Structures are given as C-alpha cells and as structure tokens.
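Q: Can you walk me through this one before I set anything up? I'd like to start with the strand pairing.

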Amino acid sequence: MTIKTFYFNPYRECTYVADNGQGKCFIVDPGMYGPNEEQRMADYLQKNNLQPIAILITHTHIDHICGLDFFRQHYPSLPVFGMNYDMKLPHYLFSENTAKSEEYCKDNIDEKDKSSKRKYEDNIFTLNQFTSPSVILTPGHKEDCVCYYFEEDKILFSGDTLFQESVGRTDLEGGDTGTLLQSLHLLMELPDDTTVYPGHAYPTSIGHEKEYNPFL
Ligand SMILES: [Zn+2]
C-alpha cells in the first residue's frame, strides 16, 4: 500500500489516498475545501489512474469530512465507513449518506470468522483488493472517533486521537480527556513498528510515541 498525503483546508487536515498499486484506492478523511483543492484531488486520481473503492472517516469534525460532497457528486455509489452518528447500528457503520455503505458492510463484514487471534477481530471489515482493516474505537477527542488498523501493512490511521508526540484536543463538544487517554493506551498495545498516519501534521510510529509522547 502506498500512501499520498494532502494537507487540505484552513486546518491543514491530512487527507490520505491509499493505493494498492493496481489502480484501486481508498481515501481517509477527505478534507478538500473549495474548487482548487477538489481539483487537486481530481487531478491526482486521474493522473494516477486511481479508482476509489471506499472512504474511511476517522471522526466527523468538519475539517475531516468537508470533501465528502465532492466524492458524493463524482462517485455516488462509493461506500463511506465510520462511526454511526447515533451509535445504534453496528458500531462502526457509517450510514450518514446512503444505504449503500450499510449494504456494502453487510456483504463484507466477516463476523463469523473468529478463528484468527487478532486483538481487534470483532471489528474487522473487508475492503476489496486491500488487506482487511480493523476499526479501533477511540473516543475522547470526539465521541465518534475511530482508528483504522491495517495489521498486515503495519499501518494505523489515527485521526485526531494520536498525533506525533501529541494528542487531539478535548475541549470541543464531545471531548473528554480521561476517555482520550484510555484510547491512547489502547493504541499503545499495537506493535512498535506500526506506522501512524494522523489527522494533522506528520507520520510517526507507535514505538516513537511510547518513548516521546508526553501524554503517556
Ligand atoms: Zn477533530
């Protein structure tokens, strides 16, 4: 998996395009704001001949989802994954836009495969043509925060839960410092050589954070 980082919108939010080397990609937190940034995304996809197969949302702060409209317009059937707003449905489905994502999930969630010893086995779903990610529930910065862990690729998309030597703010609505610290400790159970792609600033690793993150 190769990962392209865009810094979008006035918050310099990280939008990631992860590409499987075979023309398919998924997008984490599309944050394009305005026609110029939308064009940059469109150009990138076109030049690299990439077909998006899904969108993964780490949480619903505006800087992480303001590019959703672009994808809805140009790829109306694209499934969108994330925490459901009201947390009533299966806990990692995001059905905010259409029934499509729900449908997609139902077809693809491998709920019966408990043979694996993966720690997050209950929350694994399938992204066609990629390795299967686990969704790790990490409330604290906001109630609906999740991280996406690709065990085989040793990659974590951490949203605004974990930053390089920092964590997301907890003073906005739905934020809670104690909860965030619990989530942070949960992430520290991942292998040290997991590369972390956060919602702002620069990539890091679990090992680096164990040593240098002042919130631990
Ligand atoms: Zn946020």
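A: Strand β8 (residues 155-159) and β11 pair in the parallel sense over four bridges, and Phe157 stands opposite Tyr197 in β11. Two strands count as paired if DSSP finds at least two bridges between them, while helices (H or I, at least four residues) and strands (E, at least two) are DSSP runs numbered from the N terminus.

Q: What should I know about the model and the numbering?

A: This is a predicted model, in which local features need pLDDT of at least 70 and side-chain atom pairs count only at pLDDT 80 or more, whereas totals for chains, interfaces and linings use all residues. Residues are numbered from 1 along each chain as its sequence is written.

Q: OK, which sheet do β8 and β11 sit in, and what is the order?

A: They belong to an open sheet of five strands with mixed pairing, in the order β6-β7-β8-β11-β12. Its edge strands, each pairing on one side only, are β6 (134-137) and β12 (204-205).

Q: And how does β11 run relative to β12, parallel or antiparallel?

A: Strand β11 (residues 195-198) runs antiparallel to β12, and two bridges join them; Thr195 stands opposite Ser205 in β12. The hairpin of β11 and β12 has five residues between the strands, and there Ala201 takes a positive phi near 65°.

Q: Switching to helices: which residues of α5 are buried?

A: In helix α5 (residues 177-187), the buried residues are Leu180, Ser183, Leu184 and Leu187. A residue is called buried if 20 or more other C-beta atoms, placed from the backbone, lie within 10 Å of its own, exposed if 12 or fewer do, and partly exposed in between.

Q: Why do they line one face?

A: Seen down the axis of α5, the buried residues fall within an arc of 105°, so they line one face of the helix; the arc is that of the directions from the helix axis to the C-beta atoms. As background, an α-helix has 3.6 residues a turn, so residues three or four places apart point the same way. On the other side of α5, Gly178 and His185 are exposed.

Q: What covers the buried residues of α5?

A: The cover includes β6, β7 (146-150), β8, β9 (162-163), β10 (166-167) and α6 (206-212). Contact here is between residues whose C-beta atoms, placed from the backbone, lie within 7 Å.

Q: How about the other open sheet, what is its order?

A: That open sheet also has five strands with mixed pairing, ordered β1-β2-β3-β4-β5. The edge strands, each pairing on one side only, are β1 (2-8) and β5 (80-81). Helix α1 (residues 35-47) packs on the sheet, touching β1, β2 and β4 (51-56), and its direction makes about 165° with that of β1. For that angle, axes are lines fitted to C-alpha atoms, for helices over the stretch in contact, and angles run from 0 to 180 degrees between N-to-C directions.

Q: What span should α1 have?

A: At 1.5 Å a residue, the 13 residues of α1 should span 18 Å, which agrees with its end C-alpha atoms being 18 Å apart; the expected span is 1.5 Å times one less than the number of residues. Asn49, which follows α1, has a positive phi near 55°.

Q: Back to β2, what does it pair with?

A: β1 and β2 pair in the antiparallel sense over seven bridges, with Ile3 opposite Ala18 in β2. Four bridges join β2 (residues 13-19) to strand β3 (residues 24-28), also running antiparallel, and Tyr16 stands opposite Val28 in β3.

Q: Is β2 buried or exposed?

A: Seven of the seven residues of β2 are buried, so the strand is largely enclosed by the rest of the structure. Both faces are covered, with Glu13, Thr15, Val17 and Asp19 buried on one side and Cys14, Tyr16 and Ala18 on the other.

How values were computed. Two residues are in contact if their C-beta atoms, placed from the backbone, lie within 7 Å.
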